[in-house]
Amino acid sequence: MKKLIMLLALVGAFSLVSISSAQFTSSQTWGSFGNGTGQFYGMIGVATDTSGNIYVAELDNRVQKFSGDGAYITQFNIPARNIAIDSSGNIYATVDDSIKKFNSTGNLLNTWGSTGTVNGTFNFPIGIALDSSGNIYVSDTENNRIQKLDSSGKYVTSWGTSGSGNGNLNSPAGIAVSGNNVYVADMGNYRIQKFDLNGNYVSSIGSQGTGNTQFNSSIAVANDPSGNIYVADYYNGRVIEYDSNFNYLTQYSGFSYPTALVIANSNLFVLDSGNYQVYKYYNDNNIQTIHPVADFSTNVTGGYAPLSVLFTDLSQNATSRSWDVNNDGIVDSGEKSFVYVYTSTGNYTAKLTANNTNGTDSKTAIITVLKKEEDGNKILPVADFSTNVTGGYAPLSVLFTDLSQDATSRSWDVNNDGIVDSGEKSFVYVYTSTGTYTAKLTVSNLNGTDTKTATIAVDKKSSSGSNHGGGGGSPEPAKNVEVKELSQVFITNGNPVKFDFTKKATCVVYVSFDAKKTAGKITTIAEQLKGKSVLVSELPSGEVFKSFNLWVGNSGFATSTNIENPVICFKVEKAWMKDKGIDQSSIILNRYSDKKWNPLTTRQSGDDETYMYFTAETPGFSPFAITGKSTKEAVTDILPEPGTQDPEQNENTTSDVEPTSEQKKKTGMPGFEMIYCIIGLLGVFLYKRR
């Protein structure tokens with residue numbers, strides 16, 4: 001039985017939650033992708049306190065605290081997989097192979113447990129819950145059991161063994177306590193099991209599928225005292241509601257990988273991990289009118305004409321929008337993000353109007369457009385740049401983009417060593433060591449120089465990150481990378497893994513393998529290169545379509561100890577094949593290993609109007625190159641040397657080779673030209689038949 005790749009809901013795909021047979025309507029959302037406040041990177045668990053505040057755990061990273069209306073309050077440096085909050089506001093978290101207790105300000109109070117299989121030790125614990133007496137219940141996932149500790153962290157009891165029968169467990173994940181019952185998301189068995197407080201089996205629901213009582217990722221569970229249960233069905237993209245006897249009531253669809261949910265003040269909160277947002281649903285008996293909140297950002301607020309400004313809508317609870325960015329009363333766009341070019345000087349009031357069925361809200365900003373000085377007056381450059389992140393764990397990949405004005409040249413020193421790292425407009429730099437770095441951009445023109453700096457904080461990955469996840473740094477110089485794309489998947493033992501590169505930025509379509517070890521959240525990086533990788537000595541023989549690198553997790557993860565049956569799917573442009581005269585059956589994926597190129601078993605898997613698609617089995621991940629043979633070259637290659645019995649010994653002979661004196665004598669024989677022609681035509685015929 002498969003275990004479900006995404007433990008990601010640590011309170012997640014099965015956050016069993018419930019309130020008295022409530023029907024939820026009128027959703028509110030907040031959040032976006034990123035590492036800033038109110039942004040999320042790997043949403044994994046959710047909990048609430050007695051005041052109705054919402055705590056969101058980001059995998060092995062941090063815990064953010066919000067009000068029930070989504071207002072950011074604070075954050076804690078707790079690398080939790082899952083969390084629970086007691087009546088005093090203390091935070092309990094599964095961290096590494098232990099349980100940690102923090103006070104309400106995030107200071108560590110106690111640590112219980114270590115790696116192991118004996119009672120009181122853990123192997124990749126995920127779910128955590130508390131009962132009214134302060135006892136702690138933990139899903140000891142890789143040990144396939146539930147452990148119960150008292151409020152001081154002392155072992156009380158445990159239950160569960162590996163299997164699929166009643167009371168057996170297969171990678172238990174989320175857990176919740178309600179009254180005298182314990183609910184366990186039995187992830188590998190696609191079900192929820194109900195036990196009493198001592199671990200005696202009571203009942204269960206679920207199997208693998210898409211029906212109303214089936215799931216495609218049972219990860220976490222929770223419920224309220226009234227007994228109704230809400231299940232976040234991760235891969236089916238829905239939340240299902242049941243009564244206390246597991247009778248189906250209704251469901252809510254349209255989510256992109258819901259990973260966790262909780263009830264707070266009679267409202268349902270769902271973590272929609274695919275959209276990096278928190279959804280708040282209101283009880284029909286507690287409906288509030290949700291108005292839109294207008295908000296937007298710009299990449300610049302002023303500069304010389306013509307001035308290009310990127311506008312991005314950041315509004316909440318809006319169903320439509322309109323932009324008037326030059327204060328002429330005419331709508332300039334209805335898109336979420338667009339670029340407007342100001343050609344005339346002046347001060348402009350840019351206005352965004354956000355709407356939903358309950359009302360309208362607007363926000364304005366001033367854009368100042370200056371006239372470029374003439375008549376000998378100097379125009380100085382204005383340095384500006386952006387980064388996709390400002391901090392994270394090593395190895396940390398940061399995308400730097402120059403947004404400067406009136407600059408004719410630039411230089412980047414992004415690790416404050418006084419050495420220029422790049423002169424490109426946009427590039428990626430990988431910080432492999434921890435520390436706080438000052439990234440500096442210097443821009444120049446004939447009239448002067450300007451600089452801008454930003455701080456990049458690179459933290460050390462916790463032991464959890466080292467053992468159960470990875471960002472996957474790259475040794476390839478940024479200047480040799482044409483484009484790169486990242487894909488992240490949460491990996492559990494015994495499950496098939498597939499990293500899809502949905503942005504289609506590179507020639508790599510997906511990477512797949514079977515996991516032999518629970519590794520947590522893993523990042524795979526596909527780097528399409530401008531030319532030959534600096535990690536190889538030469539290119540393989542044949543026509544090279546693309547060279548690329550694949551980095552799966554931290555160094556040492558993608559080995560036969562942790563994965564098996566790795567496959568790479570890639571695409572080749574039909575236009576390139578036609579232009580080069582490439583026979584599609586000759587397309588090969590080559591892997592560089594042991595200081596040489598090794599051709600991999602490659603098969604065609606499909607095509608569309610633009611690309612041919614192929615899959616290749618690979619023993620590991622490293623630099624790769626896609627090659628093919630030209631049929632134009634093949635015709636001359638197969639022409640045998642006159643009088644030669646074995647044409648394979650002369651496969652490199654071409655019409656440019658100077659004949660030997662012996663060959664010249666043979667060519668003087670009567671009828672030789674005719675024989676040579678016949679042999680050549682026969683060779684072409686046999687080649688085409690091959």
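In which strand is Leu 310 found? Leu 310 is found in strand S26, where a strand is a DSSP run (E) of at least two residues, numbered from the N terminus. The model is predicted: local features need pLDDT of at least 70, side-chain atom pairs count only at pLDDT 80 or more, and totals for chains, interfaces and linings use all residues. Residues are numbered from 1 along each chain as its sequence is written, and side-chain values use heavy atoms, with hydrogens and water left out.

**The sheet**

Strand S26 belongs to an open sheet of three strands in the order S24-S26-S28, with antiparallel pairing; two strands pair if DSSP finds at least two bridges between them. Strands S24 and S28 stand at the edges, each with a single partner strand, so one side of each is left without a neighbour in the sheet. S26 and S28 pair in the antiparallel sense over six bridges, and Ser 308 stands opposite Val 341 in S28.

**Accessibility**

Buried means under 20% relative accessible area, exposed over 50%, and partly exposed in between (1.4 Å probe, protein chains only).

| Residue | Relative accessible area | Class |
|---|---|---|
| Leu 310 | 33% | partly exposed |
| Gly 227 | 7% | buried |

Gly 227 lies in the loop between strand S17 (201-205) and strand S18 (229-233). The C-alpha atoms of Gly 227 and Phe 246 are separated by 9.5 Å, and these residues are 19 residues apart along the chain.

Definitions and conventions. Helix = DSSP H or I, 4+ residues; strand = E, 2+ residues; numbered from the N terminus.
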